Amino acid sequence: MVILPHRTRLTLLGPVARFRRVATMALSMALLAGCLTVRFVEDYDPGVYDGLVAYYEGVDAFMNRMAQPASQDQGEYDNPEVQKYYAESLAQLNTLLLRVEVNDGDERCLPANFAAQGIGALVESSLSIFEEFDEIEAVRAHIDGLKDLRVEDELAGKGSCTTIVVSVVRDNHLLLQSIHSDEGSLSPLIVSFARPLIAQGVRIALTNEAAKKRD
Amino acid sequence: MSFSDIDTEAIFDSLFAEAKDVAGDAWDEIRSFVKIEFKGLAKQIKEIGKAVARGEIKQRTARALLKMARNNLISTLAATTTLVFAAAEKIINAALKAIKELVNGALGFVLI
């Protein structure tokens, strides 16, 4: 059998069959183009974006104050001002997380296996960045832990991707508080480590939210 | 062009052109995002390891800082997922828009 180009086949059909073929094609396209505008991610929420920016401004100013040698006394964990800051900023993050959870409905990060595999492959190839640090004994176990991360295990069943990234901002904040509690105060050295990690968590969450903007 | 002039090849050429442009930019952005965040993490982990080795910070504090780094890696995975799905949405909607323009252009009136 000779397979003719579509246009040639169409012109060889009788007028009724041709009309039927064209009408079917038009309807299919109408269904595809007119009635289906696909949506794979939830709407951009400026409240979440602004809330993250407000949190970051507060935590950055707080860590800046803590890192000043002159403020060591005021920076003691038991200081009422420090306690007030932690209570208020945690309330701010809890409200933000609640807002995100209300928006996400029953969504789950990584609903499709093909996406998990694609992202997994991207992550696996990028993890080679960590390999040059294997010689540092103190962090080897942690590096191995990172390499063992399984994309689906980490993301499945924990809510939408937005819920996960905002939860990480809150978890990091609680870790900062626990370090402060353990150490008694935040030394400039500790702030030099914690600050970029806190900033990174917020930056990732902001990137996640901004990606949902539609033209 | 009349409607009978539309053929499958024309549709796919149009779809492919749209998808290639959108996917190209989106994929570069996603790759760059993952690389920047992972490099930042690697640098921070290295510095924490050095400070522990020199006895400058307590093991317990180092563990909390490394937990933050691990959290950020998980967060990078989640945000990458959003970037991929947002890009897929843009690609498919751009392709659907191309079909719409092609069909309406061929018909000479707005059908879809």
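**Reading the helices and their packing**

Mentor: Helix 8 of chain A and helix 9 of chain A are roughly antiparallel to each other, in what is a predicted model. An angle over 145 degrees counts as roughly antiparallel, and these two helices of chain A, residues 161-183 and residues 188-210, pack at an angle of about 165°. Their axes are 8 Å apart.

Trainee: What is the handedness of the crossing of helix 8 of chain A and helix 9 of chain A?

Mentor: The crossing of these two helices is left-handed.

Trainee: Which residues of helix 8 of chain A and helix 9 of chain A make the contact?

Mentor: From helix 8 of chain A, the contributors include A:Cys161, A:Val165, A:Val169, A:Asn172, A:Ile179 and A:Glu183. Helix 9 of chain A answers with residues including A:Ile190, A:Ala194, A:Leu197, A:Gly201 and A:Glu209. Sorted by class, this contact has 14 nonpolar, four polar and two charged residues.

Trainee: Let us take one of these residues. Is A:Ile190 buried or exposed?

Mentor: To judge burial, one counts the C-beta atoms around a residue; 20 or more within 10 Å make it buried. A:Ile190 has 24 C-beta neighbours inside 10 Å and therefore counts as buried. This residue lies in helix 9 of chain A.

Trainee: Which residues does A:Ile190 touch, not counting residues up to four places away in sequence?

Mentor: On that basis, A:Ile190 touches A:Ile179 and A:Glu183, as well as B:Ile57 and B:Thr61 of chain B. A:Ile179 is eleven residues from A:Ile190 along the chain, and their C-alpha atoms are separated by 8.8 Å.

Trainee: What share of the contacts in chain A between residues at least 6 apart in sequence joins residues at least 24 apart?

Mentor: In chain A the share is 80%. For chain B, residues 24 or more positions apart account for 77% of the contacts with a separation of 6 or more.

Trainee: How does one read a nonpolar core?

Mentor: In soluble globular proteins, nonpolar side chains tend to be buried together. Here the largest nonpolar core has 59 residues. Those touching the most other members are A:Val165, A:Val169, A:Ala194, B:Ile48, B:Leu65, B:Ala69 and B:Ala78. Helix 3, helix 4, helix 8 and helix 9 of chain A, together with helix 1 and helix 2 of chain B, each supply at least two residues of this core.

Trainee: Which helix gives the most to this core?

Mentor: Helix 2 of chain B does, with 16 residues. Apart from this core lies another, of six residues, among them B:Ala95, B:Leu96, B:Leu102 and B:Val103.

Trainee: Why does B:Ile48 count as buried?

Mentor: B:Ile48 counts as buried because it has 25 C-beta neighbours inside 10 Å. B:Ile48 is found in helix 1 of chain B, which spans residues 8-53. B:Gln59 is eleven residues away from B:Ile48 in sequence and 10.0 Å away in space, C-alpha to C-alpha.

Trainee: And what does B:Leu65 touch, not counting residues up to four places away in sequence?

Mentor: B:Leu65 touches B:Ile48 as well as A:Phe193, A:Ala194 and A:Leu197 of chain A.

Key:
Residues numbered from 1 in each chain as written. Chains lettered and ligands numbered in written order. Predicted model: local features only at pLDDT ≥ 70, side-chain atom pairs only at ≥ 80, totals over all residues. Axes fitted to C-alpha atoms, helices over the stretch in contact; angles between N-to-C directions. Helix = DSSP H or I, 4+ residues; strand = E, 2+ residues; numbered from the N terminus. Parallel < 35°, antiparallel > 145°, perpendicular 65-115°, else oblique. Left-handed = near helix turned anticlockwise from the far one by under 90°. Contact = placed C-beta atoms within 7 Å. Nonpolar A, V, L, I, M, F, W, Y, C, P; charged D, E, K, R; others polar. Buried ≥ 20, exposed ≤ 12 C-beta atoms within 10 Å, placed from the backbone. Core = buried A, V, L, I, M, F, W, Y, C linked by C-beta atoms within 7 Å.
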